[in-house]
Structures are given as C-alpha cells and as structure tokens.
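Dear colleague,

I am handing over the structure below, and after it I set out what was found. Please bear in mind throughout that this is a predicted model.

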Amino acid sequence: MKRPGSRSSLQSSPASRDRGRGGRPSRRNHDAPASPAMAAAAAPHAAAAGADAIAAVEQPGRHVVTHREALTELATDDSAIGPGAHATVLFHEEHFDTAMISLAPGGSEIVETNSTDLNMLYFVVEMEDGQVEFELHGRIEKQRLSRMGEVQIPAGASYTLRNLSRQTEARLMAIVPR
C-alpha cells in the first residue's frame, strides 16, 4: 500500500528477504517489482525490529499465521501505511507475497498501482457489506464489495479501495505476484 501521491515498488525486509516457500531460503531475484503495499508493510518491520525479532522471523517453517497474530501485527504503529490504513506481510514466497490490509471506518483508503506484470488479487475477509468501494481508475465505475468477495487488479492498473463504513473496520487479504 502506498500513501496518496507516492509510488514505490516492493522492497522485501531483511528479515524475510531470503525466505521462500514455507520459510525456506529462496533462490529468486529479489529485485523484481511487486505491490507498493508489500513494500510499505515489510519495510517498517525490518527497520524497527531488533536482532532477536529478525532472527525469530527468519526461522524456517512459518506455515500458519493465526487471526490473533495478524491482528497483533496490524495493530502496531509500524504497520501504518496511511491515515487509517495498515498492512502486514504474512508470507513472502518465491512467486507471490500475501498481506493483510485493514482500513479504518470513516473513509480510509489505499490508492495504488499494481506494478507487477501479472494480475493481483484482493479477498475481502471482514467488512460491513457493501461499504468497501473499489475503483479501477479510468476503466470501470466505482463498485461496492461484499464480504468474502474478490477483486482482481490487472497488471499496471491504478486503483483505490475505500472503507465507507462509519463503524466497521474492513480487512482484506492481498495476493501479489512477484
């Protein structure tokens, strides 16, 4: 995710840079572009984490992230990617990354460009039905999403996801090709 007016590409954190599938070392070129969301979510954790925290993240075998763990990571100041928007990388794999994104009620949003050569996917995990708005800039009119729905973002497309609910936080899972 990026802050409005900024543009960035994925820069994996030192803690996760060499992890591949299931936490094992990856042999992939780590300079390939991906979602700005992943860059913003990964970078603060690396900068703020001490050596012990980095070592814990680098341990091979992270195969499960519980709901509680994801919410704890989203609640940190490090996960802020804009006003009312938070993101945390859950898995950093050889061919894709996954992240949990939360949008606070009251109009918080993410505005991004899919900087990969492949489509990316958002899966709506939690929200007040019909209160998350999706806009694919210059391509389709704004649409309202439902809980458990999916949004596909074409390669190179700019888009906005906005939480219009006045009282309910929205959570989405991003699956970003690398």
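The largest nonpolar core has 24 residues, and those with the most contacts inside it are Leu103, Tyr122, Phe134, Leu145, Ile153, Tyr159 and Leu161. Two or more residues each come from strand 2 (85–92), strand 3 (96–103), strand 5 (120–126), strand 6 (132–136), strand 8 (150–153), strand 9 (158–163) and strand 10 (170–177), and of these strand 10 gives the most, with four residues. Around Leu145, leaving aside residues up to four places away in sequence, the contacts are Val124, Met127, Asp129, Gly130, Gln131, Val132, Phe134, Val151 and Leu161. Another core lies apart from the largest one and has seven residues, among them Ala70, Leu74, Leu90 and Met173. As background, nonpolar side chains in soluble globular proteins tend to be buried together.

A search of the whole structure finds one aromatic pair. The ring centres of Tyr122 and Tyr159 are 5.7 Å apart and the ring planes stand at 65°; because an angle over 60 counts as edge-to-face, the pair is placed in that class. The pair links distant parts of the chain, with Tyr122 in strand 5 and Tyr159 in strand 9, 37 residues apart, and both Tyr122 and Tyr159 are buried.

Turning to the strands, an open sheet of six strands with antiparallel pairing has the order 1-2-3-10-5-8. Strand 1 (80–82) and strand 8 stand at the edges, and each has a single partner strand, so that one side of each is left without a neighbour in the sheet. If direction is ignored, neighbouring strands of this sheet are turned by 30° against each other on average. Strand 3 and strand 10 run antiparallel and are joined by eight bridges, and within this pairing Ser102 has Arg171 of strand 10 as its bridge partner. Helix 3 (residues 67–74) packs on the sheet, where it touches strand 2, strand 3, strand 5 and strand 10, and its direction makes about 130° with that of strand 2.

Val176 also belongs to strand 10, and it counts as buried because its relative accessibility is 0%. The C-alpha atoms of Val176 and His95 are separated by 8.6 Å, although these residues are 81 residues apart along the chain.

As for charged side chains, the count comes to five salt bridges. In one of them Arg178 pairs with Asp97, with the closest N and O atoms 3.4 Å apart; this pair links the segment after strand 10, where Arg178 lies, to strand 3, which holds Asp97, across 81 residues. Both Arg178 and Asp97 are buried.

Another salt bridge joins the side chains of Arg171 and Glu126, at 2.6 Å from N to O, and since Arg171 lies in strand 10 and Glu126 in strand 5, the pair ties together parts that are 45 residues apart in sequence. Arg171 counts as buried at 12% relative accessibility, whereas Glu126, with a relative accessible area of 25%, is partly exposed.

Arg162 forms a salt bridge with Glu133, the closest N and O atoms lying 2.4 Å apart. Arg162 is in strand 9 and Glu133 in strand 6, so this pair ties together parts that are 29 residues apart in sequence. Both Arg162 and Glu133 are buried, and salt bridges with shared partners join Glu109, Glu133 and Arg162 into one network.

With best regards

Note on methods: Residues are numbered from 1 along each chain as its sequence is written. This is a predicted model: local features need pLDDT of at least 70, side-chain atom pairs count only at pLDDT 80 or more; totals for chains, interfaces and linings use all residues. Side-chain values use heavy atoms; hydrogens and water are left out. A nonpolar core is a set of buried Ala, Val, Leu, Ile, Met, Phe, Trp, Tyr and Cys residues joined through side-chain atoms within 4.5 Å. Buried means under 20% relative accessible area, exposed over 50%, partly exposed in between (1.4 Å probe, protein chains only). Contact means heavy atoms within 4.5 Å. Rings of Phe, Tyr and Trp (its six-membered ring) pair if their centres lie within 6.5 Å; planes under 30 degrees apart count as stacked, over 60 as edge-to-face and the rest as tilted. Two strands pair if DSSP finds at least two bridges between them. Axes are lines fitted to C-alpha atoms, for helices over the stretch in contact, and angles run from 0 to 180 degrees between N-to-C directions. A salt bridge is a side-chain nitrogen of Lys or Arg within 4 Å of a carboxyl oxygen of Asp or Glu.
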